[in-house]
Amino acid sequence: MKIYGDHISGNCLKVKYVCDLLSIPYDWVETSVLKGEARSPEISALNPAKQLPFIVLEDGRVLSQSNAIMRFLSIGSGLIPSDPFEAAQMDQWLFWEQYSFEANIAVIRFHHALLETPLEECDQTKIEKGYSALDLMEKHLSAHRWFAGAKLTLADIALYAYAQFAEEGGFKLLAYPNIRCWLDRVARDLCQD
Ligand SMILES: N[C@@H](CCC(=O)N[C@@H](CS)C(=O)NCC(=O)O)C(=O)O
């Protein structure tokens with residue numbers, strides 16, 4: 001299997017984390033977001049959505065969308081709860097991650113840390129929504145160690161992917177002690193620390 005991704009992208013790192021945790025072999029094809037390589041004729045011929053990450057299976061089938069890829073690769077593993085309700089709770093966080101978390105935290109981090117846009121010139125609504133998302137995560141983590149069920153699942157991996165870069169994006173995590181402890185916990189499980 002080939003993974004087309006960029007190491008600066010949390011969405012791409014999600015796929016790498018799952019493969020590494022589950023010992024799934026892959027070839028990583030480094031594809032630059034900043035150089036717009038996903039939009040090149042060769043790469044967009046493989047994935048017409050012109051986004052990263054995507055995977056190409058041995059038989060040529062292509063799958064995009066980080067959370068769909070993680071789910072596909074993790075079927076039958078402990079990263080998806082066997083209890084149907086807990087699995088649905090995991091999905092609840094995966095959908096929320098894309099709409100309410102990544103769309104704010106990752107976008108601000110991209111503009112501020114990678115394009116070097118001063119925070120004052122970034123979209124202030126996205127900054128406010130990013131903090132609201134952090135507030136919700138902090139509340140959840142004040143009562144739970146993980147986002148779904150009693151151990152690390154895809155929900156934690158998806159949220160970790162950009163929460164680890166929140167401070168690069170100018171989001172201050174000092175007031176979020178439970179998020180900081182959870183980040184350490186996930187990093188330990190991923191052997192990232
Ligand atoms: N919802 C998609 C988002 C994918 C996405 O936004 N990818 C960015 C990198 S994180 C990208 O490919 N940007 C390059 C571009 O738009 O040219 C996912 O989760 O995979």
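Q: Where is the place of P53: in which loop, between which elements?
A: Keep in mind that this is a predicted model. As for its place, P53 is in the loop between α2 (41–46) and β3 (54–56).

Q: What is the phi of K50, which is not a glycine?
A: K50 is another residue placed in the loop between α2 and β3. Although K50 isn't a glycine, its phi is positive, at about 60 degrees.

Q: How far is a polar side-chain atom of Q98 from a nitrogen atom of the ligand?
A: Let's go through some polar contacts, taking 3.5 Å as the cut-off for an N or O pair. R39 has a side-chain N or O atom 2.7 Å from an oxygen atom of the ligand. Q65 puts a polar side-chain atom 2.8 Å from a ligand nitrogen. For Q98 and a nitrogen atom of the ligand, the distance is 2.6 Å.

Q: What percentage of the area that the ligand exposes when taken alone does the protein bury?
A: Start with the ligand taken alone, which exposes 520 Å². Of that area, the protein buries 81%.

Q: How much space lies in the largest pocket?
A: This is the space taken by the ligand. By class, its lining has 12 nonpolar, 10 polar and 5 charged residues. The space in the largest pocket comes to about 620 Å³.

Q: Which of the residues that line the largest pocket are the closest to its centre?
A: The lining has 27 residues in total. The closest to the centre are N11, V33, Q51, L52 and E102.

Q: Which element gives the largest share of the lining of the largest pocket?
A: Two elements give two or more residues to this lining: α1 (10–22) and α4 (84–114). The largest share is 8 residues, and the element they come from is α4.

Notes
Residues are numbered from 1 along each chain as its sequence is written. This is a predicted model: local features need pLDDT of at least 70, side-chain atom pairs count only at pLDDT 80 or more; totals for chains, interfaces and linings use all residues. Side-chain values use heavy atoms; hydrogens and water are left out. A polar contact is a pair of N or O atoms within 3.5 Å; within protein, one must be able to donate a hydrogen and the other to accept it, and residues adjacent in sequence count only if both atoms are side-chain atoms. Accessible areas come from the Shrake-Rupley method with a 1.4 Å probe; for residues, only the protein chains shown count as cover. On a 1 Å grid over the protein atoms alone, a cavity is a set of points where a 1.4 Å probe fits but cannot get out, and a pocket is an open set with protein on both sides within 12 Å along at least five of seven lines; lining residues have an atom within 4 Å of a point. A molecule sits in a cavity or pocket if more than half of its atoms lie within 2 Å of its grid points. Grid points are joined across faces, edges and corners, and a volume is the space filled by probe spheres set on the points. Helices (H or I, at least four residues) and strands (E, at least two) are DSSP runs, numbered from the N terminus. Ala, Val, Leu, Ile, Met, Phe, Trp, Tyr, Cys and Pro count as nonpolar, Asp, Glu, Lys and Arg as charged, and the others, Gly among them, as polar.
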